[in-house]
Amino acid sequence: MTEQEILQLVVRAADDKKAENIVVLNMKGISLVADYFVICHGNSEKQVQAIAREIKEKAEEHHIPVKRVEGFHEAKWVLVDLGDIVAHIFDKEERNYYNLERLWGDAPLEDVESVLQQ
């Protein structure tokens, strides 16, 4: 799968589990960690876990290696590392506190709607 197809898969998986305020930051040339950060939040511990589980399961279904999943049991900030794409699934309060969108404010935003429609 191409990077764009994997990005689409991650965004769709989050959207399927009703993730709130999905944002995609293009980290190319900004971070050595990943090319894209997908940031979203859930409104409960169970929803945060469901979003992370869906992303992980969809990746595995498509034979995309999941390098690691961190924070799943606490469900405050779950990180799903797919290599070039890292999904950050937050509890709403944690998302507001860490505010990755502001921290990485120099990263261009991808249009999530166009990603979902591809």
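1. The expected span of a helix is 1.5 Å times one less than its number of residues, and helices (H or I, at least four residues) and strands (E, at least two) are taken as DSSP runs numbered from the N terminus.

2. Some cautions on the source belong here. This is a predicted model, in which local features need pLDDT of at least 70 and side-chain atom pairs count only at pLDDT 80 or more, while totals for chains, interfaces and linings use all residues. Residues are numbered from 1 along each chain as its sequence is written, and side-chain values use heavy atoms, with hydrogens and water left out.

3. The sheet comes next. Strands of a sheet pair through backbone hydrogen bonds, either parallel or antiparallel; here two strands are said to pair if DSSP finds at least two bridges between them. Six strands form an open sheet in the order E3-E4-E5-E2-E1-E6, and the pairing is mixed. Strand E3 (68–70) and strand E6 (109–110) stand at the edges with a single partner strand each, so one side of each is left without a neighbour in the sheet.

4. H1 touches E1, E2 and E5, and its direction makes about 5 degrees with that of E2. H2 also packs on the sheet, touching E2, E3, E4 and E5, and the direction of H2 makes about 165 degrees with that of E5.

5. Just after H1, Lys18 takes a positive phi of about 65 degrees.

6. E4 pairs with E5 in the antiparallel sense over five bridges, and Trp77 stands opposite Phe90 in E5. Three bridges join E3 to E4, again running antiparallel. The hairpin of E3 and E4 has six residues between the strands, with Gly71 in the turn at a positive phi of about 80 degrees, whereas the hairpin of E4 and E5 has three residues between the strands, with Gly83 at a positive phi near 90 degrees.

7. Asp81 links several of these details. Arg68 stands opposite Asp81 in E4, and Asp81 in turn stands opposite Val86 in E5. The side chains of Asp81 and Arg68 also meet in a salt bridge (3.3 Å, N to O), a term that means a side-chain nitrogen of Lys or Arg within 4 Å of a carboxyl oxygen of Asp or Glu. Asp81 is buried, with a relative accessible area of 8%, whereas Arg68 is partly exposed at 41%.

8. By this rule the count comes to seven salt bridges. One of them joins Glu3 to Lys28, with the closest N and O atoms 3.1 Å apart, and this pair links distant parts of the chain, since Glu3 lies in helix H1 and Lys28 in the loop between E1 and E2, 25 residues apart. Another joins Glu54 to Lys58 at 4.0 Å; being four residues apart in helix H2, these two are separated by about one helical turn.

9. The structure holds four aromatic pairs, where rings of Phe, Tyr and Trp (its six-membered ring) pair if their centres lie within 6.5 Å, and planes under 30 degrees apart count as stacked, over 60 as edge-to-face and the rest as tilted. Trp77 and Tyr98 form a tilted pair, 4.8 Å centre to centre with 50 degrees between the planes. Trp77 lies in strand E4 (residues 77–81) and Tyr98 in helix H3 (residues 92–98), so the pair ties together parts that are 21 residues apart in sequence. Trp77, Phe90, Tyr97 and Tyr98 form one aromatic cluster.

Methods:
Contact = heavy atoms within 4.5 Å. Axes fitted to C-alpha atoms, helices over the stretch in contact; angles between N-to-C directions. Buried < 20%, exposed > 50% of the residue type's maximum accessible area, 1.4 Å probe, protein only.
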